[in-house]
Amino acid sequence: MAKQRFQRRGPRGRVEEPYKVNDKITAREVRVVGENVKVDVYSVRTAIQMAEDQGLDLVEISPNADPPVCKITDYSKFKYEQKKKQKEIKAKAHKSVLKEIRFGPNTDDHDFNFKLKHAMNFLEEGAKVKAYVHFVGRTIVFKERGEILLLKFAQALEEYAKVEQLPKLEGKRMFLMLSPKVLKKK
């Protein structure tokens, strides 16, 4: 499900601008910053006049400050830079992926090795691995086998991952959480 962006909507459903510009600024006095400007507190009229003299806009960048902070800048350029910054922040955000691997309490060596290879690939890609033993019906009496299986799994992946959570029984499943080790780049 995609994240919704909440934007203020004006009359007739048009999206309002995120910043107040020029005549939309409601404060009586503002602190003015920008290039070729003496940083100080001015009345809104004076600040707008200063911006117009330079052929630029007065943009309210910090409305919650006392007095609000406004910047003399080209508004379209300012909006472009803000979008660019948001894109960079989003690109740098790390997305963690969780992969699950399911075992039965009586898993064979061949199946174990097959799932072990998959887990190695997942960890090398940077994904976390959640391995669990699912006990069906009366197999719940083999809890020790499930725990031994998960500990053997963790030991086999020792050079690829660190154990985030030791085997823990919850209902009919015993979980083990592994996260990838950060490999040193050469």
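I take helices (H or I, at least four residues) and strands (E, at least two) as DSSP runs, numbered from the N terminus. I call two strands paired if DSSP finds at least two bridges between them.

The model is predicted: local features need pLDDT of at least 70, side-chain atom pairs count only at pLDDT 80 or more, and totals for chains, interfaces and linings use all residues. Residues are numbered from 1 along each chain as its sequence is written, and side-chain values use heavy atoms, with hydrogens and water left out.

**Entry 1: the hairpin.** I looked up strand 1 (residues 29–34) and strand 2 (residues 40–43). They pair in the antiparallel sense over 4 bridges. Together they form a hairpin with 5 residues between them. Asn36 in the turn has a positive phi of about 60 degrees. Val32 stands opposite Asp40 in strand 2.

**Entry 2: helix 1.** I checked burial in helix 1 (residues 44–53). Buried means under 20% relative accessible area, exposed over 50%, and partly exposed in between (1.4 Å probe, protein chains only). Val44, Ala47, Ile48, Met50 and Ala51 are buried. Seen down the axis of helix 1, the buried residues fall within an arc of 155 degrees, so they line one face. I take the arc from the directions from the helix axis to the C-beta atoms. On the other side of helix 1, Arg45 and Asp53 are exposed. The buried residues pack against strand 1, strand 2, strand 3 (57–62) and strand 4 (69–73); contact means heavy atoms within 4.5 Å. Gly55 follows helix 1, with a positive phi near 75 degrees.

Entry 3: I traced an open sheet of 4 strands, in the order 5-6-8-7, with mixed pairing. Its edge strands are strand 5 (98–103) and strand 7 (161–170), each pairing on one side only. Strand 7 and strand 8 (residues 173–180) pair in the antiparallel sense over 7 bridges. Glu170 stands opposite Arg173 in strand 8.

**Entry 4: the core.** I then looked at the largest nonpolar core, which has 21 residues. Such a core is a set of buried Ala, Val, Leu, Ile, Met, Phe, Trp, Tyr and Cys residues joined through side-chain atoms within 4.5 Å. Ile101, Phe103, Val129, Leu150, Phe153, Leu157 and Leu178 touch the most other members. Strand 5, helix 3, strand 6, helix 4 and strand 8 each supply at least two residues. Helix 3 gives the most, with 5 residues. I also noted a second, separate core of 13 residues, including Val30, Ala47, Met50 and Ile72.
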